[in-house]
Amino acid sequence: MEHKQGKWAGQILDARNPDGLWGNFHTLSRPVSGKAITTEQAIRRLRVLGFTKEDEPIRTVLERMCLCVSGREKIDGYSEKTHDWPLFEKLMLSAWIRLFDPNNEIALEVARQWAFLAEQAFQSGKYRREDDEAAFRSLFGRNPKSAFERGFGMFYHAALLQGVVKPETESMLLDYYLEKPDGIFYIYSGPLKEVPEDFASRKTVDYLAAIELLAHYRQAKEKLRFVTRWLLSNRKESGQWDLGPGAKDGIYFPLSDSWRKPELRMADCTERIQGILQKIES
């Protein structure tokens, strides 16, 4: 993909530290102008630009993440005292490993733990907090205490659980994400069953990020038909899509080196939306 040799990828790769990382790992917030990016922000952007596990920059980070999840090395010196940080790190890093390498056994071991929690949490036919907490106690020997330890509401849960839960649980999990009033934490803060009113907007960019995450589930084609219809209804007569100048967020856009010409912006928007539709339909 040409974006891998473009301006934006070059800026990120030039900012790497000698160890192949970009400093502390965690934060999914948008990069702030003038401040160093985190490793998580860097690999998120590189993935959008077409980098895979076959590319050396990603391969280096994957190796480090695997060492951390397996307890052989630290990813960095950062921690948050309000969380069980080692548990959160395993969740976070395993989710990222699976986004690049879904069959990685180190990450799958963690995914299966959270799959057990999901199976138990939805065993009644819908999500029940009581069942979720009971499963957590049986697995970890204590009550859940942080928000990430119950509810499966984060980007990391949605990324980690793809392909590891039973079909009936997956169906309920997807419905849960679509109906959840506050969306998927870190990437979208509204109910996913409601498409954004203003198509050409930053909100749509964030919404599509959440939909793309769910599109990797086996039952996405059925559950996301309404998204497919909405996207197709917003296609221009030219066959392209345009999310407008405000879509430039430093994460998903731009792909091209410049958006000075509207046709470059539309080409980027069209490439991204076609990619999401392909994932939903595959």
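By class, how many nonpolar, polar and charged residues does the lining of the second largest pocket have?

Tutor: The lining of the second largest pocket has 7 nonpolar, 3 polar and 3 charged residues; Ala, Val, Leu, Ile, Met, Phe, Trp, Tyr, Cys and Pro count as nonpolar, Asp, Glu, Lys and Arg as charged, and the others, Gly among them, as polar. The model is predicted, so local features need pLDDT of at least 70 and side-chain atom pairs pLDDT 80 or more, while totals for chains, interfaces and linings use all residues. Residues are numbered from 1 along each chain as its sequence is written, and side-chain values use heavy atoms, without hydrogens and water.

The volume of this second largest pocket is about 310 Å³ (the space filled by probe spheres set on grid points joined across faces, edges and corners). A pocket is an open set of points on a 1 Å grid over the protein atoms alone where a 1.4 Å probe fits, with protein on both sides within 12 Å along at least five of seven lines; lining residues have an atom within 4 Å of a point. Of the 13 residues that line the second largest pocket, Trp8, Gln11, Pro31, Arg45 and Gly250 are the closest to its centre. At least two lining residues each come from helix 1 (7-14) and helix 2. Helix 1 gives the largest share, 3 residues.

Two or more lining residues come from each of helix 2 (39-48), helix 4 (85-100), helix 9 (202-214) and helix 12 (262-281). Helix 12 supplies the largest share, 5 residues. By class, this lining has 13 nonpolar, 4 polar and 7 charged residues.

Now the chain around these pockets. The protein chain has 12 helices and 0 strands (DSSP runs numbered from the N terminus: helices are H or I with at least four residues, strands E with at least two). From the N terminus on, its elements read α-α-α-α-α-α-α-α-α-α-α-α. The C-alpha trace spans about 60 × 45 × 30 Å along its principal axes. Of the 282 residues, 54% are buried (under 20% relative accessible area with a 1.4 Å probe, protein chains only; exposed is over 50%, partly exposed in between).

Aromatic rings come next. The count is 22 aromatic pairs (rings of Phe, Tyr and Trp, the last by its six-membered ring, with centres within 6.5 Å; planes under 30 degrees apart are stacked, over 60 edge-to-face, the rest tilted). Phe122 and Tyr176 make an edge-to-face pair, 5.5 Å centre to centre with 85° between the planes. Phe122 lies in the loop between helix 5 (105-121) and helix 6 (129-140) and Tyr176 in helix 8 (residues 167-179), so this pair ties together parts 54 residues apart in sequence. Phe122 is buried at 3% relative accessibility, and Tyr176 counts as buried at 17%.

Another edge-to-face pair is Tyr127 with Phe152, at 6.3 Å centre to centre and 90° between the planes. Because Tyr127 lies in the loop between helix 5 and helix 6 and Phe152 in the loop between helix 6 and helix 7 (155-160), the pair ties together parts 25 residues apart in sequence. Phe152 is buried, with a relative accessible area of 1%.
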